Amino acid sequence: MAQEGRPPFHFSLFMFLFMLSSLCDCHPHSAGFMRSTTAARAVSNHTARKVSDIATEVAGYADVAKQIIDLAVFGAAQNRSHRRLADFTDTIGNRVSGSHNLEMAIKYMYNAMTQDGLDVHLEPVKIPHWVRGKESAEMIAPRAKSLAILGLGSSVGTPPEGIEAEVLVVQSFEELKRRASEAIGRIVVFNQPFVSYGETVAYRAYGASEAAKEGALATLIRSITPFSINSPHTGWQDYQAGVKRIPSACITVEDAELMWRMAQRGQKIVVRLTMGAKTLPDADSFNTVVEITGWQHPEQVVLLSGHLDSWDVGQGAMDDGGGAMISWEALSLIKDLGLRPRRTLRTVLWTAEEQGGVGAQQYYNLHKVNMSNFDLVMESDLGTFTPVALQFTGSDAARKVMTEVVKLLVPINTTKLEAHGEGTDISPWMQAGVPGASLHVADNRYFWFHHSEGDTMTVQDPQAMNLCSALWAVVAYVVADLQDMLPR
C-alpha cells in the first residue's frame, strides 16, 4: 500500500507474479495434492519399523551429507550466503512491517531466488503498519542530558509539545505496585536487571500498561540486553485491553542506571519526552515461498524458514537476515548438487514476525487443512553464529530418527540434538503436533545487537554462515528424502 511521501509500491506487479506462479501445478499446497491419507499411512509404517532399520537408512546418507557440507564449507558455494546477505542488507537496509523497505525486500528476494533457478511464489497477507516518527528525550533536572531512546512498536505518540514530568524509577513490577501512589502523573522508568531475554522482555511488553494502571503518563524502559555501549534496543510492546495507552520507549542501560542512582540519592529527576509514533491501517504484504518439488510425495513438505522483516534500526542482518539467507542457501546447495528429495522442500521467508508472527499465523491458517502432510517445520531466528546443535520438538519416535540424522553432521562437529525446537513463526505448527526444529548457535552475543543500530553485517561471520547453511541443508534434505515421514 502506497504511503504519503514515498514512491508507490507496485502492488499490481506483485499480484501478477503471484497469480502467474499460482498457475503452476507443482505447488504442494494445491487441492490436488492434499492427500492426508498418504501421510497417515507413512506415519503408521514408520512407527512399525525397527530403530536399527532407521539408523541404517539414515547412515546411508553419509556420502550425500558430506557432498553438501563440502560444497557449502569448502567448495564453490563457500561464503555465498554471507555475500547474498551483504548484497541484500546493503541494498535494502532495515525492513519494518508495513514499510516501503519491506516491500522492496520482498521484490528483491523474489527476483534473486527466481534468478537462482528456484520455483518462487508470493502469498498475500495483511500486516501491521506502525511508524516511529521523530522522537527525543532529555533530562531537565537534576542536570541537562540528552537520552538516547527508541520508541517501542505499537506505542502511541506524545502530544506535539511532548510530555515533561517528574520521574519515578523502579526495578520491578512489584516495586511499582508498592509505590503506586508515587506513579500518578509521572514518567515511570523501569531499571529492571537483565536475567534472560525470555524473562526480562516482560518489562518491554507490558511495562506501559502496568504503569498506566497506576496513573503514569509514559514509560521509559531499560533496554532488554546484557551489554550496552549507550545503545537503546527497540521491540514490540502490547497494550492491555481496557487500560489507557501511554507512550513507551526504551532507554540505554547506562541512562536507566544513572537515573536509578540519582533517585537513590533522593534527587528530583525531570524528563521531557517527545514521540511522533502512530499506527496506520494494516498494509498489504507477502510471505515469500520457494520450493524444490518432491519426486515421490510432492504433497508432503519439509519447511525451512527465517523472517524477512526486521526492526527499523540497523540492517536486520542478524535478526533475521541470516536465517532467511541460510534457508534460501539450503535449497541452492541441494539444487546445485542435482539432488531432489522424495518430499517437497519449501522455504518460507515470513513477513511481520517482529509484530508477533503475523505473516506466519496467516500462513498457518491457510495451510493447516493440509497439516498431516507437513513432515517437519524448521526456523532459524536466533542468529547464524557458529552452530552448536539442532533443537527439536517431536515424539520420542521422531526424536530417535533425528538423533540419527544429526550424526551425519560429524564433519562440522554439530551432532548434538537438544530438546525444544523454538521459533515464533513455527510455534503454531508445533503446538498442533507437527515436529519442529530450530538452530542453536553460539549466541552469547546475540542480545548485544538485538533490535538495535548494532544489528549490521559487521556482526556476521562468513564461515559461521557456511556451517549453518550446511547443517540446515543436510537436515532438511535427509528428512525430506527418508522412506517415511517423521512419526507424530
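Trainee: What is the bridge partner of leucine 303 in β13?
Mentor: In this predicted model, the bridge partner of leucine 303 in β13 is valine 377. Strand β11 (residues 297-307) and strand β13 (residues 374-379) pair in the parallel sense over three bridges, where pairing requires that DSSP finds at least two bridges between two strands.

Trainee: And which helix packs on the sheet and touches β1?
Mentor: That is helix α12 (residues 358-367), which touches β1, β10 (278-292), β11, β12 (343-350) and β13, and whose direction makes about 130° with that of β1. Contact here means heavy atoms within 4.5 Å, and angles run from 0 to 180 degrees between N-to-C directions, with axes being lines fitted to C-alpha atoms, for helices over the stretch in contact.

Trainee: What is the strand order in the open sheet?
Mentor: Its eight strands run in the order β1-β10-β12-β11-β13-β16-β14-β15, with mixed pairing. Strands β1 (119-131) and β15 (417-419) stand at the edges with a single partner strand each, so one side of each has no neighbour in the sheet. From one strand to the next, the twist averages 25°.

Trainee: Switching to helices, how do α5 and α16 pack?
Mentor: They pack at an angle of about 115°, with their axes 7 Å apart. The two are therefore roughly perpendicular to each other, a label that covers 65 to 115 degrees, while under 35 counts as roughly parallel, over 145 as roughly antiparallel and the rest as oblique. Arg80, Ser81, His82 and Leu85 in α5 meet Pro462, Met465, Asn466 and Ser469 in α16.

Trainee: At what angle do α5 and α11 pack, then?
Mentor: Helix α5 (residues 80-92) and helix α11 (residues 317-336) pack at about 130°, with their axes 9 Å apart, and they are therefore oblique to each other.

Trainee: How many helices and strands does the whole chain have, and how are they defined?
Mentor: The protein chain has 16 helices and 16 strands, which are DSSP runs numbered from the N terminus, helices being H or I with at least four residues and strands E with at least two.

Note on methods. Residues are numbered from 1 along each chain as its sequence is written. This is a predicted model: local features need pLDDT of at least 70, side-chain atom pairs count only at pLDDT 80 or more; totals for chains, interfaces and linings use all residues. Side-chain values use heavy atoms; hydrogens and water are left out.
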